[in-house]
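Hi there,

Here is the structure I promised to pass on.

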Amino acid sequence: MKDFSKELSFKTSRSSGAGGQNVNKVETAVTVLWLVDESEFFNEYQKGLIRGKLKNRINADGYMFLTVSESRTQLMNKNKAIEKIIDLVDKALIVPKKRLATKPSKGQKQKRLDTKKKISEKKDNRKFKF
């Protein structure tokens with residue numbers, strides 16, 4: 001988990017929704033901006049992973065942005081925004097392991113066939129025979 005919070009820039013705005021006077025006069029919503037391509041904390045491969053997995057959050061200028069307006073205070077929203085953007089980038093850097101195709105063993109095949117045979121015999125026994 002790399003802390004690249006020094007590269008982040010912030011913008012404030014008024015939060016939307018209900019809240020009365022506080023919402024109308026105080027800029028508590030925080031938008032965090034990060035220029036992915038100019039980051040010194042990540043190499044080109046990691047930047048490519050980030051660009052690929054978070055392409056919906058990156059605009060045409062190369063800025064990744066995230067807006068938080070959960071709290072009533074600007075400071076708490078700023079801290080939450082930093083946590084969220086770091087968490088998003090950490091999750092984007094995870095490369096899933098490739099699945100190796102395997103074949104069922106002889107024992108598994110035999111067990112499946114035996115089970116099929118038992119079920120078939122059980123159903124066959126239900127029939128009335130002359």
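Which residue in β2 is the bridge partner of Ser9? The partner of Ser9 is Leu33. Strands β1 and β2 (residues 29-35) run antiparallel to each other, joined by five bridges. (Two strands count as paired if DSSP finds at least two bridges between them.)

Before going further, please note that this is a predicted model, where local features need pLDDT of at least 70 and side-chain atom pairs count only at pLDDT 80 or more, while totals for chains, interfaces and linings use all residues. Residues are numbered from 1 along each chain as its sequence is written, and side-chain values use heavy atoms, leaving out hydrogens and water.

Now the wider fold. The protein has four helices and three strands, in the sequence pattern β-α-β-α-β-α-α. (Helices are DSSP runs of H or I with at least four residues, strands are runs of E with at least two, and both are numbered from the N terminus.) The strands make an open antiparallel sheet, ordered β1-β2-β3. At its edges sit β1 (9-13) and β3 (63-68), each pairing on one side only.

Helix α3 (residues 74-92) lies across β1, β2 and β3, at about 135° to β3. (Angles run from 0 to 180 degrees between N-to-C directions, with axes fitted to C-alpha atoms, for helices over the stretch in contact; contact means heavy atoms within 4.5 Å.)

As for overall dimensions, the C-alpha trace spans about 90 × 45 × 25 Å along its principal axes.

Best wishes
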